[in-house]
Amino acid sequence: MRRKLLGLALACFGSLAMAADEQAVVGHYANLAQAVFEDSLTTALQLQQATDAMLANPSEATMRAARDAWKQARVPYQQSEVFRFGNSVVDDWEGQLNAWPLDEGLIDYVASDYSYELGNEGATVNIISQTELNVGGEKIDVSTLTPEILASLNELAGSEANVATGYHAIEFLLWGQDLNGHDAGAGSREYTDFVAGERCTGGNCERRADYLRAASQLLVDDLVYMDNQWDAGRNDNYRADLVSGDVKEGLNIMLFGMGSLALGELAGERMKVALEANSSEDEHDCFSDNTHNSHFYNAQGIRNVYLGSYQRVDGSKLSGPSLADLVREKSPKVDGEIRAALEKTTTNLQVMVDRAEADQPMKFDQMIAEGNAEGEGIIRNAIVALVEETRAIEAAAQIIGVSKLEPETAGHAF
């Protein structure tokens with residue numbers, strides 16, 4: 001009898017230990033989110049400093065430094081997108097920072113043959129060129145360009161293509177339109193677009209500078225908000241609700257975010273759509289030709305969550321209890337399979353990065369050109385790897401007791 005009671009006690013202890021492990025995994029997931037949003041804020045502040053320096057002294061060198069800061073800011077932010085799916089606080093907020101594609105004629109001057117979403121009344125209003133907008137009979141005072149005014153202009157006239165803020169609005173202001181189609185070359189805005197007085201090119205240089213200042217400040221403000229939502233030192237934010245909630249729901253959120261970013265968003269919206277339409281308008285970082293890096297770091301974000309590790313921008317590494325630990329305890333075989341799938345994705349996206357940064361580069365907008373067999377092969381290999389990775393994520397979910405994961409497909413069939 002005593003032996004049976006001891007066995008029961010040990011069984012209960014084992015159950016409690018597993019629950020504690022699962023709770024630690026969800027808690028560390030929140031730590032990863034806090035770190036990556038904190039890094040996103042840090043690099044956004046560095047971007048703001050670089051744009052301020054460029055506006056104070058416009059030159060080729062300061063413009064180049066601002067562009068470099070924008071690319072560096074994308075590194076942690078793209079790794080944050082795995083937290084978007086499943087966490088409504090992130091998904092509801094994300095559009096103001098990363099909405100794309102955008103009808104850039106909403107913001108500034110564009111080429112005469114500029115193509116935009118049919119029926120979009122705001123696609124050519126050129127906010128920078130006027131102090132009052134008249135869209136659909138509604139008059140909007142934009143004489144002073146503030147973060148609040150710009151935020152209010154997102155989805156102007158009901159069109160999602162009217163994006164006035166975020167990384168891609170700033171990208172457009174720093175690079176200008178990419179008029180190269182599927183040929184080599186990114187946007188080539190001149191720094192003189194920000195020079196006041198007689199040397200001003202493009203017109204409205206002071207207004208353009210005001211717009212960039214406001215957009216940069218809003219980016220920082222938004223990232224301060226999200227950093228606070230994951231702050232471990234507060235008990236009134238989203239993180240506190242997540243880590244105190246049902247642990248299985250927390251694990252579901254983690255796996256759902258991984259699968260949805262891999263399948264519907266990255267493989268589907270960001271690669272499959274652009275490839276099948278042969279459309280540079282559907283390229284993610286279309287003004288700067290930085291798309292290959294954005295895709296790579298999206299995938300890195302998925303890997304971070306599974307392995308419970310993140311390389312911070314200061315070079316330090318954050319690591320802790322992970323989904324990999326839970327899966328390996330149940331099935332080393334499944335853990336090995338998902339690690340292999342993650343590695344395959346990384347390898348295929350590294351091919352994309354290497355080809356885009358070679359001595360004779362082929363950027364993403366060149367890869368999606370009709371008839372480019374090499375480029376199509378690179379992208380399709382990455383898509384296949386992401387689909388296989390999603391299947392491995394679903395298998396991992398089953399192993400740790402998360403059923404009916406159903407990651408988002410964004411309507412795509414693979």
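This passage describes the fold of one predicted protein chain, from its overall form to single residues. The model is predicted, so local features need pLDDT of at least 70 and side-chain atom pairs count only at pLDDT 80 or more, while totals for chains, interfaces and linings use all residues. Residues are numbered from 1 along each chain as its sequence is written, and side-chain values use heavy atoms, without hydrogens or water.

The chain holds 13 helices and 4 strands. Both are DSSP runs numbered from the N terminus: helices are H or I with at least four residues, and strands are E with at least two. The radius of gyration is 23 Å, close to the 22 Å that the globule rule gives for 414 residues, so the chain is as compact as a globular protein of that length. That radius is taken over C-alpha atoms, and the rule is 2.2 Å times the number of residues to the power 0.38. The C-alpha atoms fill a box of roughly 95 × 50 × 40 Å along the principal axes.

Of the 414 residues, 54% are buried. Buried means under 20% relative accessible area, exposed over 50%, and partly exposed in between (1.4 Å probe, protein chains only).

Helix 3 covers residues 88–98. Its buried residues are Val 89, Val 90, Trp 93, Glu 94, Leu 97 and Asn 98. Seen down the helix axis, they fall within an arc of 130°, so they line one face of helix 3. The arc is that of the directions from the axis to the C-beta atoms. An α-helix has 3.6 residues a turn, so residues three or four places apart point the same way.

Thr 43 lies in helix 1 (residues 2–56). Thr 43 is buried, at 3% relative accessible area. Beyond residues up to four places away in sequence, Thr 43 touches Gln 72, Ala 73, Pro 76 and Val 313.

Most residues other than glycine have a negative phi, and most peptide bonds are trans. A cis bond joins Trp 100 and Pro 101, with omega about -15°. Pro 101 sits in the loop between helix 3 and strand 1 (132–135). Glu 155 has a positive phi, near 60°. Phi of Ala 157 is also positive, near 60°. Glu 155 is in the loop between helix 4 (147–152) and helix 5 (167–175), and Ala 157 is in the loop between helix 4 and helix 5. Glu 155 is partly exposed at 46%, and Ala 157 is partly exposed at 47%.

Notes: Contact = heavy atoms within 4.5 Å.
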